[in-house]
Amino acid sequence: MPDVFPPDTVRCDACPVLCYIKRGHAGACDRYANLEGQLVRVDPHILLDRAKSQGTPLVPFLEREGDWDGKIMKGQETFVTAIGAGTTYPDYKPAPFIVSSEVEGVDMVTVVTEGIFSYCGVKLKIDTDRHLGPERNLVRAQGEPVGHVTTAEYGSQMLSLGGVHHLTGGSKSEGRVTCETLLDLCNGQEVELAIDDGASVRVAAGKPPVVNGQQEERMRVGCGSATIGMFAKQWFGKVDDVVVVDDHITGVLSEHQAGKLLGVRETGIAIQGRRSTPGRYFQVAEPGTGWGGTNISDPLTILKPFKAKFAWPYLRLLMVSTTGEQFAYYELDEALRPVEKELPEALKESVGRIRENCEPALTTVLFMGGAGGSLRAGVTENPVKLTDSVKRKLTRVTCGGAPAYIWPGGGITFMVDVTRMPENAFGYVPTPALVAPIEFTLKKDDYAVLGGHVDYVRPLVDVLKEKERQRQLTSHAQNPWPLKPHAGSSES
Amino acid sequence: MRDPALIRMLPDGRRLHLHDGPIDLIIEANGDPQAISAAYEASARRFVSILDELCSELPLLRARARENSERPRGAVAQRMFAAVEPYCERCFITPMAAVAGAVAETILESILGAASLDRAYVNNGGDIALHLAANHFYRVGTVERPDRPSLFGYLEISAADSVRGIATSGWRGRSFSLGIADAVTVLADCASAADAAATVIANAVNLPNLPGITRVPAREISPDSDLGDLLVTRGVDPLCDSEIVAALDSGARTAEILCAQRLIHSSALCLQGHTRIVSPLLVQASIESSQRSLLHA
């Protein structure tokens, strides 16, 4: 046994192994860990909740006295997903499972298949105002180009990754790394990405993004100008001027329409950057990972000297970022130079309010692919009819049971939120291309009309008999039930 | 506050899940329903005392095994020692290198003592003990990286092969590794032998003095690790092709020696997307690359 331990080592007594666990580490079981010197259980809820939600008794097996037998599942409550379905080849043969079931008196058919998507990628929405890199610049994983920075959205930076050109149009290594990156993102794993002339980010679906090693906590409440509009009343009378620093639009209370309406007095403040309309400034600094998505760490660098004609000694100035994460309070001295002071009690609330109104920052991963090719031949003898049926919402498209948004226009181009799909639903082939599950559900009558492989339709109960390779999961709580008749495919 | 052992059926109603401390087993038996019940009951009865047995002589099991070492007393511990003994004079190894395989094997033995089955497996976190009655076979999926569970190939193991144990080791796994392999999978006569060999081969997939590999004394992460102050791998930067080939060459040489000595049947070594198969010609178990034929979208 070791004799000298660093302080904060705890000894776990949850099992006879009696592990010594260092601060920040887990024991041999990976279930108990040392969190700040305390022994904590790190996984209990996962195991129990899963078991509970799936109705599995947690009673010891021996109490059940050998009455074990494969539980019979109620047909209507089971939806066969395409995960692990594989398929037959070549394409004109029917899909691996064409399953019929009766739902609310209607005969439904689900065509279940896994597709190889050479045309596919992910759209990443990263909730941050920090500048991740210029639009159109390459996004790299392990040094290989895997995508690019695309149009930013309100409060979020957008990346578009994958696509046929990175998968198969570049070097072998580029294709392999692109495929790995897409696969990991779709399966909920964390991926590290570096943007040319920009930041490096660590992202995983449904988790906060980490930008240059710093985890994002909150989205901004609005642009700097919007923030002035929202909080002007709360500041009025408690401070003489407020600057909300923002890479997009920096707002200044005394010049802003909201301040004018309240009768805020002119302060002689002068801001670097390009004035858009009164109290709204573009380009006060370079984009970066400092205050409000700019590159500044000292907010005074965006101020020019106060105009002596309007300013006065002891003038009170608050500078705050659009997330409330950064703030500083100043008073002017006799020479009208700002001197930092402690934030007065009366202003703490408004800064806290900005923070409170910022939603948690997350990374969202949408898988996007096109089922326009021969995959449709596994569903019907006349592929265009499937496209037509999907467009008319007679056929619902799901991915592993999760609702898919279908793009208008030609083909079956869809997007799906990977966090609503079962774990590890995606695979790959060395082509390289991603393998994703896709299910088409429609009324049996409609299936016959569009030239479906009706001779291959099998009742659900028959499919369920082949338990060998099956895994039962509980449906995601937010997903509409895929078999419910008469619901549109693009609803979610 | 000793947690009780967990014994339950998984939601599929077919597989049994046994869990106690760091031991986590998934068991499935195929055959007559009554035989399956008997098998599961026997496995649960045997399971509940295993952790205590092991812990009663833990210091001995964590010490380097030597030819003249004191022999452990417990049945599982003896299997562990026997599995690492062939390596004990050529490298640092402790009986703990075979603990997962030895536990799986012991539970399988209790199952076969209670029931006559077509097939059964006991999977202890990837270290698997198999039973196959005549004319039965298992198809086993293999993954390159445990954190990226896409199948890259299949193994077909039939009753006629003498393979009854499969084990995987690598630095990304739950146990420490001295090497840089993402995963080394080994087929052997029994699970404990496969477990020990996978550890030894994974340790050998290595390149000394290569920058970009994070190595930390095992004790810094886990104060009572059996590996003490030996440097274990915690991170591997992307390697160039020639480095990958050299590291795999090193592991493959060790695997070839173990094959020649009949300690293992075959082995698959994975490192950053490259895979090397080491297998003597006569072995019937074949690792074929995944030929899933899927519909092109």
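**Sheets and helices in a predicted model**

User: Helix H8 of chain B lies across strand S9, S12 and S13; at about what angle does H8 run to S12(B)?
Analyst: This model is predicted. Helix H8 covers residues 241-260 of chain B. It lies across strand S9 (183-188), S12 and S13 of that chain. Its angle to S12(B) is about 165 degrees.

User: Which residue is the bridge partner of Cys270(B) in S13(B)?
Analyst: Strand S12 of chain B spans residues 266-271. Five bridges join S12 to S13(B), and the two run antiparallel. In S13(B), Cys270(B) has as its bridge partner Thr275(B).

User: Which are the edge strands of the open sheet of nine strands in chain B?
Analyst: The order is S1-S2-S3-S4-S5-S8-S9-S12-S13, with antiparallel pairing. An edge strand here pairs on one side only. That gives strand S1 (6-9) and strand S13 (274-278) of chain B.

User: To which strand does helix H5 of chain B run at about 25 degrees?
Analyst: Helix H5 takes in residues 99-114 of chain B. It lies across strands S3, S4, S5 and S8 of chain B. The angle of about 25 degrees is to S5(B).

User: In chain A, which residue of S28(A) is the bridge partner of Gly370(A)?
Analyst: Chain A has an open sheet of 11 strands, in the order S14-S13-S12-S11-S8-S9-S10-S7-S24-S28-S27. Strand S24 (residues 363-370) and strand S28 (residues 413-417) of chain A pair in the antiparallel sense over five bridges. In S28(A), the partner of Gly370(A) is Thr413(A).

Notes
Residues numbered from 1 in each chain as written. Chains lettered and ligands numbered in written order. Predicted model: local features only at pLDDT ≥ 70, side-chain atom pairs only at ≥ 80, totals over all residues. Pairing = 2+ DSSP bridges. Helix = DSSP H or I, 4+ residues; strand = E, 2+ residues; numbered from the N terminus. Contact = placed C-beta atoms within 7 Å. Axes fitted to C-alpha atoms, helices over the stretch in contact; angles between N-to-C directions.
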